Structures are given as C-alpha cells and as structure tokens.
Amino acid sequence: MGHRAKNKQPAPQPLDVKQTAISPKKLGKRKAEVSDDKSNFRPVKKAKDQAKSKQKGNKKKKENSEDEASENGWEDVADNDELKAHAKSLFNNSDHEELDNFDMDETNECVNHRVSINVIPIARSGELRGPVQAFDFGSDAEEDQPQFIAGKTKKSKQSERPTKIIPTASDDSDSSDNSDEEERITMANMAARSKALDEKAAAEAALDADEMQQAAFNEEEDDDFDMDEDEEETDGEPFRLPTAEEKDTESKAGGPDVHVVQRRMRECVRVLGKFRKLAEKGRSRSEYISQLLSDVSSYYGYNDFLAEKLFQLFPVTEAIEFFEANEVSRPVTIRTNTLRTRRRDLAQALINRGVNLEPIGKWTNVGLQVFESSVPIGATPEYLAGHYMLQAASSFLPVIALSPQPNERVLDMASAPGGKTTHIAALLQNTGVVFANDANKTRTKSLSANIHRLGCKNVVVCSYDGREFPKVIGGFDRVLLDAPCSGTGVISKDSSVKVNKSERDFTLLSHLQKQLILCAIDSVSPDSKSGGYVVYSTCSVTVDENESVVDYALRKRPNAKLVDTGLEFGREGYTKYRGKIFNPSLSLTRRFYPHVHNMDGFYVAKFKVEKRGKAPKAAVKPEVGLVGIEEEGEQVAAEGEIIAFDEGEDRPYLEEAKRRRMKAKGLRPPPRTTIKAGA
C-alpha cells in the first residue's frame with residue numbers, strides 16, 4: 001500500500017448518521033454541559049460560514065433563527081423545556097434575579113473573546129414573544145454609552161441635541177458681562193467708564209512688561225546653564241585672574257602650561273561676554289582683556305602689537321575664531337583657463353588622474369576646489385599645457401569686481417606672479433590690451449612664464465614704479481590695483497607675519513597705498529564709454545590699509561565715487577571704527593575673512609571715475625583779482641567790481657629781480673629803465 005493510499009481520508013458520512021459525542025476539552029463550557037443529549041447534536045460550522053450567516057442574519061431573523069443560534073456558539077444547545085423557561089424568564093420578567101444566576105466565569109470568557117451572544121427563541125417553539133434583543137457582555141465603559149438597537153425607528157432620541165444646556169458659573173459671568181455691555185452709556189457714567197478702561201489698559205501693559213522681563217531673564221538663565229555646568233565640571237572654584245606674583249612665577253618657570261592658557265582664554269571669553277554677572281569683584285574689563293591678549297600672544301605666537309591690532313577688529317568671541325582659523329590652511333583651489341579648455345573638460349581630465357575636486361561655488365564659473373590628489377597638482381600635463389592656474393579663491397574676487405569687457409585697455413599695476421593678469425586676459429578673450437606692471441623686475445620672470453604658458457597674447461609686461469604711471473602712460477578703461485600690504489589676511493600661508501610686523505610697517509605701507517590709489521585713479525580715462533573703473537584690493541584685514549586708504553582717495557579725488565562691487569557675498573566695510581568716521585559709501589566695499597568665508601582675508605573696493613566738473617565762475621573770480629577795500633585817499637570800488645593788479649606798477653620790481661639773477665650767474669645785466677608808476 002502506498003503512502004498516499006495509507007493516509008487517504010475515508011468518504012464523508014451522511015448528515016443523518018449519528019456521531020459520537022465530542023470530548024469536553026474541544027468544546028466550551030456551555031457546549032460541554034449540553035453535549036450529553038446526543039440526539040440533538042449538530043456539527044459546528046466553520047468560520048467562513050459564520051461570517052456569511054452574520055451578514056444575512058439581520059435581514060432574516062425569524063426565518064434563520066437556527067442559523068443565527070449556530071453563529072453565536074449555541075448550535076449544540078438542546079431544544080428542551082428548561083431552556084424555553086429560562087429564556088422566557090430573561091425576556092418577559094422585569095426583575096433581574098435570573099441574570100445573577102449566570103456564572104461570572106462564563107461572562108469573563110465571553111468578554112475576553114468579545115463574543116456577542118444573541119439569545120433567540122427557536123423557530124419550532126413559537127411561544128416566545130417580543131422583538132429579538134442582543135446582549136453584549138462588554139466592559140463597564142461600553143455599558144454607559146447609549147446602544148442603538150436596530151429596529152424600525154430611524155433616529156435615536158439621544159442623537160437629538162438637547163434644547164437647553166445646563167448653565168454653569170462661566171455662563172453667569174458671561175451673562176453679567178453682557179448685561180454691563182448692554183447698559184446704556186450716558187454723560188454721567190461716561191467719565192467713570194473711560195477711567196476704568198484706562199486703568200484696565202495700564203494694568204494689562206504692566207503685566208505684559210513683567211512677563212517680557214521674566215521671559216528675558218529665563219532665556220539668560222538658559223544660556224548660562226551650559227556654561228555653568230562646564231565651569232563646575234572643570235573646577236569647583238570660580239575663575240579668577242592670576243596676580244602679578246603668579247605671572248612672575250609662570251615666566252620664571254618657562255611660561256605657563258598650554259592647557260592652563262587654553263582654559264584661561266576660554267574663561268576670559270566667557271566672562272567678557274557677560275561681564276556684570278561673571279566678573280570678579282574689584283576687577284575691570286581692561287584687566288580681563290589684557291590677560292586675554294597676553295594669552296593669545298603666547299598661545300598663537302603673535303607679537304603684542306599685532307595681536308592687539310587684530311583683536312580690536314572683532315568681538316571677543318569672533319576674534320578667537322579668527323586667530324584659530326589662521327592656524328588652519330585654506331583649501332587648494334585652481335582657476336580654469338578658458339582660453340584653452342572648459343571647466344567641465346578639465347574636471348573630467350583631473351578626475352581620471354585621481355584628483356578629488358568639485359566647483360568652488362556659484363559665485364564663480366571657473367574655480368575648482370581640490371580635496372586630495374594622487375599626483376602633484378602643480379605638475380600634471382594639464383597644468384604644463386596651461387589648462388589651469390594654481391590660484392587662491394580670494395584672488396578671483398578683484399577680477400570679478402573689475403569685470404573687464406572685450407577690446408578694452410586694462411592696467412594691472414602690481415601684477416606678479418600673473419594670476420589676476422591672466423584672468424583678465426581670459427575675460428577679454430585675448431582682445432584689447434592688458435598692461436602687466438610690477439615694480440620688482442625679478443618677479444616679472446615668473447609673470448612672463450605664466451603668461452606664455454596660459455596662452456595670453458594681449459599682455460604687455462613692464463616694470464615701473466606704480467607711482468609713475470600717470471606720466472608713463474594713461475587713458476586706461478579699467479585699472480586693477482592689488483596693492484602691496486602687510487599680509488594679515490594670509491597668515492595661514494606665511495606665519496612670519498605674526499612676529500615681523502610693527503607699527504612702523506603699517507604706517508609706511510598705508511602711505512604707499514595712498515599714493516598708488518591716487519595714481520590709479522588718475523590713470524583711468526573718465527571719457528571711456530564702457531569703463532572708467534578702478535578696483536582697489538589688499539590681502540589684509542586691517543582698517544589702516546583698507547578703509548582709511550579708500551576714504552583718503554574719496555577726499556582727494558572728488559571725481560571718484562564708490563560703486564557696488566558686484567560680489568554676492570562678503571561683509572560690508574567699516575563706516576565707523578574706534579572713533580574714526582569714514583564716508584558712508586564705504587558700506588559698498590566688501591571684506592572677506594578666513595573664519596567666515598573659508599578663504600584668505602581680503603578687501604575689495606570699486607571706484608567709478610567721472611569727469612572733473614568745472615568750478616563755477618563766481619568761485620574763480622576772487623582768485624584773479626581782489627575786491628576793493630575802502631581806505632583813506634582811495635576810491636571805493638563799486639559793488640561787484642574787481643580790482644586787478646597793475647602790470648606797470650609791478651614791472652620795476654620784476655626787472656630788478658631779473659638783474660639780480662643775471663649777476664648771480666656772472667652775466668652783465670641791462671641798464672635800468674625808469675618807468676613811472678601808473679604809466
């Protein structure tokens with residue numbers, strides 16, 4: 001016998017055949033009690049049949065009473081007289097004594113299984129009366145809710161909104177307010193009501209002010225919470241400034257510990273941020289600042305003069321960020337030479353060589369930032385072919401502000417090593433003329449090399465002092481002056497600036513820059529149709545080399561005025577600094593910082609040079625003659641009449657001066673001629 005034949009189920013037996021009783025373990029409690037009556041046993045229906053019969057049960061209750069009984073777990077209940085009597089007592093009697101006879105275990109079992117038991121009379125009896133009712137043995141919360149019994153009525157009484165809501169205390173207050181409002185305003189009570197309204201408004205304003213003060217105080221406490229926690233974690237004692245004896249001890253010991261200096265700087269910054277609350281009694285603000293400057297000088301390696309000069313440019317917290325940013329090198333950037341390639345093609349070529357790069361930003365369409373490279377970025381075939389130039393991102397800014405147009409004559413007064421010059425040539429598309437000047441003749445070699453490598457054919461290299469340029473050649477459409485400066489914006493590249501700059505250096509550099517900017521303005525042709533612009537830039541962040549120089553140029557050259565640089569980012573230039581008040585138009589200039597823009601510190605200003613206006617005639621006349629003054633024996637000049645010098649009266653004096661000069665040279669002077677005064 002095969003495996004299938006062995007386990008084959010027998011044929012189903014007919015329904016009329018009596019089956020043996022089912023064990024009580026498989027039945028519920030009620031089913032087990034009534035299962036002794038074998039003659040009335042009926043097979044249990046499956047879940048699918050139960051679901052179908054539930055949908056049809058509401059339409060045909062009387063016809064399918066037996067099916068409904070089987071759906072609710074009563075299919076095994078015997079049709080005997082005891083059940084009829086028990087059901088009749090449930091539906092017809094008013095007292096609930098019979099309900100107490102139900103076992104609580106049975107009720108709990110029904111609740112746990114969420115079984116809704118419908119006690120329905122059997123169709124054969126026909127003795128029970130009344131509509132069919134459903135009992136739901138649910139939770140107490142469900143009993144409190146109104147139950148809607150399906151019947152002939154369409155709406156429940158409880159679904160209707162009550163016509164009257166029970167009044168509460170709030171309703172009484174509302175009604176009283178309404179009554180007051182409805183009270184008629186007369187001349188007698190008008191003053192009293194107005195006074196009451198004013199008092200109410202004043203009370204509300206005082207309450208609002210108190211709330212705002214409390215909210216501000218809570219915010220300050222929240223801000224102090226984190227700092228106070230840090231202070232408690234570092235040391236249980238509050239911070240105090242070191243005394244003079246402690247400073248001497250530190251200096252004798254070879255200087256303070258680095259960690260001690262770092263913590264002291266952090267605490268000084270915190271105290272200066274909220275001096276009134278956190279300052280030590282008897283200590284002034286200047287003492288904390290001097291201690292912070294001393295720690296900055298020793299920690300970052302600046303001399304005292306430069307540390308103080310840079311510290312005064314920023315708020316306390318931002319100044320520390322600036323010093324910290326100068327210790328980190330700036331990203332490596334390259335500029336695409338559009339005369340030889342496109343940025344997309346250059347980026348793909350460098351990526352194929354193992355260079356990780358991406359565009360600098362939306363403000364330039366030729367810059368690429370290099371993150372890492374498996375090959376020397378300054379020795380690739382693309383670099384040697386002149387496809388790009390290693391150039392700092394901040395050096396793009398002056399040329400972008402200058403914005404040269406094709407067929408223009410442009411002067412770069414300090415052009416070496418040629419990054420800005422070649423950028424200008426690329427924007428000119430090898431049209432027009434670019435005069436690349438540099439005062440240092442040795443630097444012109446690298447300038448010429450970069451010009452040839454990048455394929456710039458419209459550049460003329462020369463070596464003159466920039467202060468001579470209006471005399472050498474002029475009439476340019478645009479001039480770029482990247483003036484020599486202290487280099488305080490590129491400290492990350494040249495750390496020697498920290499110690500080798502003094503106050504005398506800043507004075508000399510500022511004087512040179514003022515001379516150069518006047519020469520640059522004079523070299524521009526105000527008659528230029530497309531140009532007439534001068535861009536002044538430095539790689540410094542000090543005010544002496546930037547705002548002071550630009551303000552000086554505006555005062556000395558009234559025909560030059562500042563215009564917008566066209567740069568989308570950057571901070572505005574100072575209009576006031578430590579008691580100095582500059583021209584309000586200096587807000588059009590732009591400053592760039594390493595800790596803010598992640599590029600070298602830079603300053604850019606753009607001038608528009610116009611024609612010099614002629615002075616009015618009324619202002620010129622006093623220079624030609626003198627207005628008569630009334631004296632004894634002289635005629636009084638008429639009003640508005642100008643009295644000029646008489647040449648006849650001056651001639652003897654001029655002749656005598658000429659004779660003296662000739663005698664001094666060893667020449668024989670001509671004889672004197674007597675000329676009457678007034679002749």
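Buried, on this tour, means under 20% relative accessible area, exposed means over 50%, and partly exposed lies in between, with a 1.4 Å probe and protein chains only. Helices (H or I, at least four residues) and strands (E, at least two) are DSSP runs, numbered from the N terminus.

This is a predicted model, in which local features need pLDDT of at least 70 and side-chain atom pairs count only at pLDDT 80 or more, while totals for chains, interfaces and linings use all residues. Residues are numbered from 1 along each chain as its sequence is written, and side-chain values use heavy atoms, with hydrogens and water left out.

**Start with the whole protein**

Colour by secondary structure and you will have 28 helices and 19 strands on screen. Of the 679 residues, 33% count as buried. Contact here means heavy atoms within 4.5 Å. Among contacts between residues at least 6 apart in sequence, 68% join residues at least 24 apart.

Show side chains for V261, R264, M265, E267, C268, V269, R270, V271 and L272, which are buried in α12.

Step just past the end of α14 to find G301, with a positive phi of about 90°.

**Select the cores**

A nonpolar core is a set of buried Ala, Val, Leu, Ile, Met, Phe, Trp, Tyr and Cys residues joined through side-chain atoms within 4.5 Å. The largest one has 63 residues, and those with the most contacts inside it are L292, L310, F323, I517, Y536, V550 and F607. Helix α24 (residues 503-522) gives the largest share of this core, seven residues. Zoom in on F323: leaving aside neighbours within four places in sequence, it is in contact with V296, Y300, Y302, A307, L310 and F311. A second, separate core of 26 residues includes M389, V410, V459 and F602.

**Look for enclosed space**

On a 1 Å grid over the protein atoms alone, a cavity is a set of points where a 1.4 Å probe fits but cannot get out, and a pocket is an open set with protein on both sides within 12 Å along at least five of seven lines; lining residues have an atom within 4 Å of a point. Grid points are joined across faces, edges and corners, and a volume is the space filled by probe spheres set on the points.

The structure holds three cavities of 30 Å³ or more. To find the largest, with about 40 Å³ of space, select its lining: K309, L313, T542, V543, D544 and Y577.

**Move to the second largest pocket**

This pocket holds about 920 Å³. It is lined by 44 residues, of which A416, P417, R443, D482 and C539 lie nearest its centre. The elements giving two or more residues to the lining are β6 (388-390), α20, β10 (478-482), α23 and α24.

UniProt, in an unreviewed entry, lists A414, S415, A416, P417, G418, G419, K420, D438, D465 and D482 under "binding site". The pocket lining takes in A414, S415, A416, P417, G418, G419, K420, D438, D465 and D482 from that set. UniProt positions are given in the numbering used here, feature names are shortened, and annotations may be inferred rather than shown by experiment.

Select A414, in the loop between β7 (409-412) and α20. Beyond four places in sequence, A414 touches N437, D438 and D482, and its relative accessible area of 24% makes it partly exposed. S415 lies in the loop between β7 and α20. Is S415 buried or exposed? At 3% relative accessibility, S415 counts as buried.

**Finish at C539**

UniProt's unreviewed entry places the feature "active site" at C539. Look for C539 in the loop between β11 (533-538) and α25 (547-556). Not counting residues up to four places away in sequence, C539 touches C485, G487, T488, G489, V490, G601 and F602.
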